[in-house]
Structures are given as C-alpha cells and as structure tokens.
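Student: I have a structure open and would like to learn how to read it. Could you walk me through it?

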Amino acid sequence: MAKAVKIGFLGAGKMAEGILCAVEDKSSVIMAEKVPARAQELRAKYPVEVTDDLKKVARNAKIVFLSVKPQDVAAVAAEVKPLLKSTQILVSIVAGKKLSGLRRLFGSKVRLVRVMPNLALRANAGMCAVCAAPNAKKADVAAVEKILGGAGATAVLKEKDFDAVTALSGSGPAYFAYMEEAMAEAGVKLGLKPDVARLLAEQTMYGTAKFLRESGMPLKPFIDGVCTKGGTTAAGMEKLAASDFKDVVAATLAAAAKRSKELAK
Ligand SMILES: NC(=O)c1ccc[n+]([C@@H]2O[C@H](COP(=O)([O-])OP(=O)(O)OC[C@H]3O[C@@H](n4cnc5c(N)ncnc54)[C@H](OP(=O)(O)O)[C@@H]3O)[C@@H](O)[C@H]2O)c1
C-alpha cells in the first residue's frame, strides 16, 4: 500500500480537531500545539503525534494546515518560513488572511491554498470554501478538497468571493442558532417548556436542511408545498413574507462582509 501523505497542523485547536476527525489515516498526522494540556488531550483521543515544535511539523508534513488564531500567524510564520519548500502545500484556514499577505509572511516557495471553513466542521458537516494561489497545482486543491470533503462539503471559489463566503457560511452558524433561539423563544411563549421548544426548533432546522440537501429540491416549490391553502403554515408564512425579514438577513450578511473586508490583509 502507498505511504500516506503526511498531514501537519500548526496549532491544534477546535478547527484543527474538526479537520483531523476527517483524516482517515490519523497515524499520518503531526500536530504542533503549545498548550500542554491540549496536546495531551489530543494524544489521548487520537493516534496522532502532537509536538510543541512548529518546526517539526514544517519539516515533516507535505500538507501543512495553518490553524492558529489570526493574531498568532506572524509569530508562526517567523518560525517556519525558512523551512517551507516548494514541494509542500500550506493550507490556511485563518479568517481574513489573504493569499497575498500569507505569501509575504510564509515566502514564495510553499504552494498556498486558502480555506474558509465553518464551525460545523466539528460535526462532520462543515462548509469549506477553497481558493488557491497561482503557484498551487490543480492536484493540490484536489488533495485539500479530499481531506476537507471528509468533514463536510467543499466549493472551489475565487478569492474575491471570500468576504461573501465569510459572511454567509463562515458566520452563518451563529445566524442559524439565533433563528433557532427565536423559534424556541416563540414556542415558549405559546406554552412549551424551553428544552422541548429547543428540541423542536433544532430538529426541525436540522431535518429541513437535511431534506433539502439530499433532495436538491428548489426552495420555492418546497415552501409552497408546505403551505397548504388556508392552513397553519400559510398563516405563518403570510406574516413572515410581509415582514422585512429578508432585508434584515441581507443587512446582516452585508455587515459581516464589510467587516471581513476591513479585517483582511
Ligand atoms: N472557529 C470558527 O468558527 C472558525 C471559522 C472559520 C475560520 N476559523 C479560523 O480557524 C483558525 C483556528 O481557530 P480555532 O477556533 O480552532 O482556534 P483555537 O481553538 O484557539 O486553536 C488554535 C490553537 O493553536 C495554539 N497556538 C497558538 N500559537 C501557537 C504556536 N506558536 N505553536 C503551537 N500552537 C499554537 C493555540 O494556543 P493558545 O490558546 O494558547 O493561543 C490554540 O490551542 C483561526 O485562524 C480562525 O480564524 C475559525
């Protein structure tokens, strides 16, 4: 059997663990983590090598995920830049760090891929947008998509779309959770217990998304199909459609995209 490609992580926090869960052969993984308790936790949970040495990861992995917080990127780059080679792929999942900025920090040799994931990675149902620097090969993008595909869906996009991606799928989990909260609170107002209302809201959100994803059904006929004339859903939808709900959603995403632009370097 062919030897598995060595996959590395610079920073082993929540998102790195989400990606790790999707890697089939975990014995091919090396992670660098500076918090000893976190390193120990990962060693106990998975058959992976965890080191406190970023350089060891940079030296040994063919595909290196950059998975620290944005404020830690410069320090990590200063340590690993001299070691990165043109045979390696650096995959940044860092929000707001553009390929041009990463190129300045990590040098022109390493092949760069940028990914905007979301939190749902941690439930193996993430949404990852992927874009590549000119020096990355098609096969690099395919290799990254193969790994991330195990943790949800992927879409290869242009970097110019990344502010919109950040606003929609990157920040989206918070907005859907807020919608769930609103539905649950409304259920409580109608007399349901809070835990029951949350279960009903959450399972309905989950089941609806699952059905739409699996059936690929267009949204309008789906909504119309649930709205029996004179029925309960139609009464609710009449109220919702007459409100400025869609304007509020559009303004929410626009604010997030604007902030993403401001933060991008
Ligand atoms: N969470 C999301 O929903 C989301 C969505 C899209 C993109 N992202 C991006 O994903 C990246 C990771 O986010 P996260 O939530 O997984 O962060 P996290 O849980 O804080 O994980 C980062 C880990 O790296 C460690 N670290 C920092 N500097 C290090 C160094 N020099 N050597 C070794 N380890 C180091 C951190 O330790 P300390 O805690 O001591 O700093 C922390 O344990 C971020 O850049 C974020 O922008 C996150």
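This is a predicted model: local features need pLDDT of at least 70, side-chain atom pairs count only at pLDDT 80 or more; totals for chains, interfaces and linings use all residues.

Student: Which residues touch the most other members of the largest nonpolar core?

Tutor: In soluble globular proteins, nonpolar side chains tend to be buried together. A nonpolar core here is a set of buried Ala, Val, Leu, Ile, Met, Phe, Trp, Tyr and Cys residues joined through C-beta atoms within 7 Å. Buried means 20 or more other C-beta atoms within 10 Å of a residue's own, exposed means 12 or fewer, and partly exposed is in between, with C-beta atoms placed from the backbone. The largest core has 54 residues, and Leu10, Val64, Leu66, Val91 and Val115 touch the most other members. Strand 7 (residues 126-132) gives the largest share, 6 residues. Helices (H or I, at least four residues) and strands (E, at least two) are DSSP runs, numbered from the N terminus.

Student: How many residues of strand 7 are buried?

Tutor: In a regular strand the side chains alternate between the two faces of the sheet. Here Gly126, Cys128, Val130 and Ala132 point one way, Met127, Ala129 and Cys131 the other, and all are buried. That is 7 of the 7, so strand 7 is largely enclosed by the rest of the structure.

Student: Which strands pair with strand 7?

Tutor: Strands pair if DSSP finds at least two bridges between them. Strand 6 (residues 111-116) runs antiparallel to strand 7, with 4 bridges, and Arg114 stands opposite Cys131. Strand 8 (residues 152-156) pairs with strand 7 in the parallel sense over 5 bridges; Val130 has Val156 as its bridge partner there.

Student: Which residues are closest to the ligand?

Tutor: A residue is near a molecule if its C-beta atom, placed from the backbone, lies within 6 Å of it. The ligand has 26 residues around it, the closest being Gly11, Gly13, Met15, Val94 and Ala95. Helix 1 (14-22) and helix 4 (73-80) each give two or more residues to that shell.

Methods: Residues are numbered from 1 along each chain as its sequence is written.
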